[in-house]
Amino acid sequence: MADEIHDLQLSFEKLTGTEHAKNRLVDELLKRLRILSQDLEQEKLDHDRESHFNREVQLRVKELKDELRLVKARTERDAFILVLIDGDGMIFEDPLIQRGEIGGREAAGILWVAVRDYVQQIMPDLTSDYKIVTRVYANLKGLGDVCTRAGILDSPTIMEDFTRGFTGSKQLFDFTDVGSGKDRADDKVSELFKLFVNNSHCKHIIFGCSHDNGYARLLEDIAGQAMPTQITLLEGVPFERELAIMKSRYLFTRFDNLFRSTKINIYQPQYQQPQQIRPLPMSQSQSMSQITPSKMNNLQSLHSSGLHNGVPDGLPIAQVASPVQQPQQTGYQSPYYPSMTRTPSDSTNNSMMNPMAASWATKAISAPPAQIASPPPTPQPANLENANKIPRNKFGQRIDPTIQYDKNEVKRVQKIHMCNVHFLRRDCPYGDDCTHDHFYKPNKNELMTLRFVARQTPCHFGSACDDIKCIYGHR
């Protein structure tokens, strides 16, 4: 009996332990259920929030796509190609200019067709309803005078007729007169270029600037703002040295039968020369052949700053022509100023042989340009002592000392319009009649910057120059 009770006691204890284990299991399951229920509720909230956010994002994306489509439509609807030309150096062909207003209309038509064909070639995906906007800036009076003196035009007013026809032929074509003054056309062209280079409506810029190294600095300044494929350099006369180096970074082209490919030479005018001409006497012929670079640089200084003798700023001038025979000692009719007759005298002859003479300097504009001799093939030093002071390399070629400069300072000094010849050589032949500033008081740094600006004009004699006062560049 006692054994049975003991067995029952053991069975009861075992059953009680199992019951406790079952209760613990149920408790654990209930806890997990509560946790899962909470997680489920959180997931539902997160799902609802994400769904709501996704709906808002989808609506916003749709709105942005609609706005973008509208902006693209507006941009494409007002798309244009800008043709920007410095007319002081990019000069239209002689036959076009000679026809006056009719030639201006014809030039505008040729330019419009050439631009359209070129754009179709480089931008085939551009919509066909784009516009062509053309801006040409030049000193019309100076340009007309030079073309007349070179024998291209019979009268400077023909140039005005040409520009009138050019501007009137197309609604978006303008040929603008900037007046006389240094860098006026350059400044306007540069500012307009900067204005449109980041304009979203301007799909491409065709830039006519091959004659002026100064535009190389402009292209360097905007190098990080515009894509190289957005700009085409238009060639008239061959690209100057710095532009020739940079043109490989951009597109470049040339429009045939539209712009001159050579510079205007005002030293070989197509005027009727005096009928009675005799050879120079031996003494004068020898003196003419002995004109040295130092004297010729004084002739070059007449064209160093601004509009002198009717030559506009930025106009490419060809090298000095070969010497011509002197007319008989009767009366000389100047081809530059037909109304002015000069009677040769000893002082006149001496001044022509020596450009530094005071009588020549005071009457520079009345001296017949046809009498100017070209530099000899191998110029000899006029002053051996001064020539020995000029720095040269081991080959005997003249070299210019390095000048440190700041781009912004160069632009500021250029806008002052100081006379390079007056401040750097102290012998400007125009004196108080010079169109550039003689009264400004530059400091040492400004003079150094002005010397750098003057060096941008290459010397006619290059590395063979022996003029110790020469302010031009010797490359």
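## Surface and overall make-up

The accessible surface of the protein chain comes to about 26500 Å², and 53% of this surface belongs to carbon and sulfur atoms. Accessible areas come from the Shrake-Rupley method with a 1.4 Å probe, and for residues only the protein chains shown count as cover. This is a predicted model, in which local features need pLDDT of at least 70 and side-chain atom pairs count only at pLDDT 80 or more, while totals for chains, interfaces and linings use all residues. Residues are numbered from 1 along each chain as its sequence is written, and side-chain values use heavy atoms, with hydrogens and water left out.

The protein chain has 16 helices and eight strands. Helices (H or I, at least four residues) and strands (E, at least two) are DSSP runs, numbered from the N terminus. Of the 475 residues in the protein chain, 43% are buried. Buried means under 20% relative accessible area, exposed over 50%, and partly exposed in between (1.4 Å probe, protein chains only). Among contacts with a separation of 6 or more, 76% are between residues 24 or more positions apart; a contact means heavy atoms within 4.5 Å.

## The parallel sheet

Six strands form an open sheet with parallel pairing, in the order β3-β2-β1-β4-β5-β6. The edges are β3 (173-177) and β6 (251-253); each has a single partner strand, so one side of each is left without a neighbour in the sheet. From one strand to the next, the twist averages 20°. Axes are lines fitted to C-alpha atoms, for helices over the stretch in contact, and angles run from 0 to 180 degrees between N-to-C directions.

Two strands pair if DSSP finds at least two bridges between them. Strands of a sheet pair through backbone hydrogen bonds, either parallel or antiparallel. Seven bridges join β1 to β2, and Ile 81 stands opposite Ile 132 in β2. Another five bridges join β2 to β3, where Val 136 has Phe 175 of β3 as its bridge partner. Seven of the eight residues of β2 are buried, so β2 is largely enclosed by the rest of the structure.

Strand β5 (residues 231-234) pairs with β6 over three bridges, and Leu 233 has Phe 252 in β6 as its bridge partner. Helix α3 (residues 100-122) packs on the sheet and touches β1 (80-86), β2 (131-138), β3, β4 (202-208), β5 and β6. The direction of α3 makes about 125° with that of β1.

## Two nonpolar cores

A nonpolar core is a set of buried Ala, Val, Leu, Ile, Met, Phe, Trp, Tyr and Cys residues joined through side-chain atoms within 4.5 Å. The largest one has 40 residues, of which Phe 92, Leu 111, Val 115, Phe 166 and Phe 255 touch the most other members. Elements giving two or more residues to this core include α2 (94-98), α4 (140-149) and α5 (157-169). Helix α3 gives the largest share, seven residues.

Leu 111 touches, among others, Val 83, Ile 85, Phe 166 and Phe 255, not counting residues up to four places away in sequence. A second, separate core of 27 residues includes Ala 185, Phe 193, Tyr 215 and Leu 218.

## A buried glutamate

Glu 446 lies in helix α16 (residues 444-455). Its relative accessibility is 5%, so Glu 446 counts as buried. The side chain of Glu 446 makes a polar contact of 2.8 Å with that of Arg 412 and another of 2.7 Å with that of Tyr 440. A polar contact is a pair of N or O atoms within 3.5 Å; within protein, one must be able to donate a hydrogen and the other to accept it, and residues adjacent in sequence count only if both atoms are side-chain atoms.
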